[in-house]
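This report describes the fold, the surface and the charged contacts of one protein model.

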Amino acid sequence: MMTAPRGPAAARTIAAVLPPAVVWAVVLILSPVLEYGLGRMVWWGTGAAFLLCFVPWAIVTWLDKRGDLRRGIERLGFGPLMVCTGVLMYGTLRAIQWLNGPLGLAAVIFAIYGGFALMLLFRRAGPDWTCMTYGGAAAILVLMAGMTGLIGAVLLAAGVWAQTLLQPAQAGRFAVSALAGAVVCGGIYALLEQAVR
């Protein structure tokens, strides 16, 4: 009988496999698939995942390696980041509207940026984006896929566990961040889904 891996090695593996960009990319791809099935709509989710997860990750990684990211944020503050985030969200949502894309995907995008805005607004309180992602994505998966979404929710709960195990002093912060993500992201998604049905 095999036992599940325990301890810091398992926590590091889980944290490495579940960064926020990967989690949100999976949710973005699943949204149109669960709403319309496999077919042309899967490209909407894939395109949104590329634009909203991979491109920002690549830019942040590039700027961070050059040392420009921290200097720029210290000098300019978070205002330009919030404006650029809003412009990216608005452009993506307009494309979905103009091209008759899946409205459920738009609800996921709004939910992601609602959680991101919460994090930026309360950054002094120190919410953790990774755990907010886990909580928000878990709530959205359950709302999107019903009981099947619980599988993803359990996997994302393992992500919160991994973060807590790697940084035990931050356990309370991680739990509150995951709960805030579930309430804000899940709440926005639920409200928008009800509005479009």
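## Basis and fold

Helices (H or I, at least four residues) and strands (E, at least two) are taken as DSSP runs and numbered from the N terminus. The model is predicted, so that local features need pLDDT of at least 70 and side-chain atom pairs count only at pLDDT 80 or more, whereas totals for chains, interfaces and linings use all residues. Residues are numbered from 1 along each chain as its sequence is written, and side-chain values use heavy atoms, with hydrogens and water left out.

The protein holds nine helices and zero strands, and from the N terminus on its elements read α-α-α-α-α-α-α-α-α. Of the contacts (heavy atoms within 4.5 Å) with a separation of 6 or more, 76% join residues 24 or more positions apart.

## Burial and surface

Of the 197 residues in the protein, 38% are buried, where buried means under 20% relative accessible area, exposed over 50%, and partly exposed in between (1.4 Å probe, protein chains only).

## The salt bridge

With a salt bridge defined as a side-chain nitrogen of Lys or Arg within 4 Å of a carboxyl oxygen of Asp or Glu, the count is one. This salt bridge joins the side chains of Asp128 and Arg173, at 3.9 Å from N to O. Because Asp128 lies in the loop between helix H6 (103-121) and helix H7 (129-145), and Arg173 in helix H9 (residues 171-196), the pair ties together parts that are 45 residues apart in sequence.

Asp128 is buried, at a relative accessible area of 12%, whereas Arg173 is partly exposed, at 31%.
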